[in-house]
Structures are given as C-alpha cells and as structure tokens.
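Open the model in your viewer and keep the selection tool ready.

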Amino acid sequence: CVQSMIENSFKFTPVDIAVKLKSWVHDGFKEIGDTVGMGLNGAMNMVINHPDFLSNPFKSANDIWHNSGKSLATNGSLMRNCITGVFISTESCEEWASQLSLITHTDPRCVTSCVLHALLIQGLLYKHIQLHEHIDQLLNHAIVCSKKYINTDTTPVDFKEMNLQPIITQPIITQPTITQPTITQPTITQ
C-alpha cells in the first residue's frame, strides 16, 4: 500500500494496489527474507484469488461478501490500514481508509473500523493530545466521521439478521484508576 501511495503520488489506484497485494501474497517482501505473505485468512485468500481481482478488486471483494450472506467481516483490511492515518486531510484519510478496505473487505463493519482506526491515528499524529478531554474529542470526531460508513443506502447493515452485535456508537471512557503497587520485603533465609 505504501509503495502504491508513493509510486502514484498519493492518488488511490485500486488496480495497482490489487497487483501489489497479490504479489505480496505469493512472494511476501523478499527484501526482508519473506517467501510468502504472512497473516492471511480464508477471506483474504478468496478475494485475492477471485478471477476479477486484478482488474476489479472492488467487485471481487463485494462478490465474496455477498456470497457469504453478508456475514464475512474479518480484520484483514484493518491490519494494513495504519498507513492511511498519515494524511493530514481528514477527507484524504477517510477516502484512503475506506477504499483500501473495500478492495478486500466490503462489509461496512470492516470499512467503518478502518476509517475509525485511521482517524484515531491521524489525530494522535497531528492533534495536540494533552488532556483527557482531548482524547474524548478525538474519539467523538472519529466516531462521527466513521459512522456514515456503517449504514449506507447501498449496503445497510441489519445486525439482527446477522445475529451479531453492532459497533459501539458512543465512546465509553472512564478515568483510569491508579493504584500503588504493594511492595513486600523479601524473606531472607539463612
């Protein structure tokens, strides 16, 4: 993903990313001694081996998700997502995070998680987080921005149908409790 960002002047190029992902799956990063991509699951393999993946990765991911009964929501896109938090612009950060997820993981929970994750990274990099209130503000901003990806006109999510729990829509933040460690004197035996 980083290589595609640099080679394409930070323009999102889905086919180029798909080609690089497929190459990584088969060869890993040879520069560091890999022989294959590591950390793959069945969902990622199904998408990457879809016959249309190299020409239309979005269609491939969507086909696999629909064939799963819209229940396939693994975390493969989240694992490669952290680089999208480097964008200073919230719009670019959101676009890259959502599009990078959609290449292999169409489920709105995956896309939403990637956007939320990227915006949190962006906030930690570029905002001056000094107080607990700043953390609350960052979380609330990331949640508001990422919520639009969970229910869209084209892919509404019915959690009851999927028999799964929805994402948390409000941050749950409590003040940390700081306790002093108990120090005991060692027993000396002679």
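A cavity is a set of points, on a 1 Å grid over the protein atoms alone, where a 1.4 Å probe fits but cannot get out; a pocket is an open set with protein on both sides within 12 Å along at least five of seven lines, and lining residues have an atom within 4 Å of a point. Points are joined across faces, edges and corners, and a volume is the space filled by probe spheres set on them. This is a predicted model: local features need pLDDT of at least 70, side-chain atom pairs count only at pLDDT 80 or more, and totals for chains, interfaces and linings use all residues. Residues are numbered from 1 along each chain as its sequence is written, and side-chain values use heavy atoms, with hydrogens and water left out.

**Stop 1: the cavity**

The count is 1 cavity of 30 Å³ or more. The largest cavity holds about 60 Å³ of space. Select Ala43, Val47, Ala61, Ile64, Trp65, Leu72, Thr74, Thr104, His105, Thr106 and Asp107 to show its lining. Helices here are DSSP runs (H or I, at least four residues), numbered from the N terminus. Helix H3 (42–48) and helix H4 (57–67) each supply at least two lining residues. H4 gives the most, with 3. The lining has 6 nonpolar, 4 polar and 1 charged residues. Nonpolar means Ala, Val, Leu, Ile, Met, Phe, Trp, Tyr, Cys and Pro; charged means Asp, Glu, Lys and Arg; the others, Gly among them, are polar.

**Stop 2: the largest pocket**

Now select Cys1, Lys20, Leu21, Trp24 and Phe29. Of the 22 residues lining the largest pocket, these lie nearest its centre. Its volume is about 570 Å³. Helix H1 (2–7), helix H2 (14–27) and helix H5 (76–79) each give two or more residues to the lining. H2 gives the most, with 6 residues. By class, the lining has 11 nonpolar, 6 polar and 5 charged residues.

**Stop 3: H7 against H8**

Show helix H7 (residues 108–126) and helix H8 (residues 132–147). They pack at about 145°, with axes 9 Å apart. Axes are lines fitted to C-alpha atoms over the stretch in contact, and angles run from 0 to 180 degrees between N-to-C directions. In contact (heavy atoms within 4.5 Å), the H7 residues include Leu116 and Leu120, and those of H8 include Leu139 and Ile143. The contact residues divide into 10 nonpolar, 3 polar and no charged.

**Stop 4: a ring pair**

Rings of Phe, Tyr and Trp (its six-membered ring) pair if their centres lie within 6.5 Å; planes under 30 degrees apart are stacked, over 60 edge-to-face and the rest tilted. There are 3 aromatic pairs. Select phenylalanine 12 and tryptophan 96: they are edge-to-face, 4.8 Å centre to centre, with 80° between the planes. Phenylalanine 12 is in the loop between H1 and H2, and tryptophan 96 is in helix H6 (residues 90–102), 84 residues apart.
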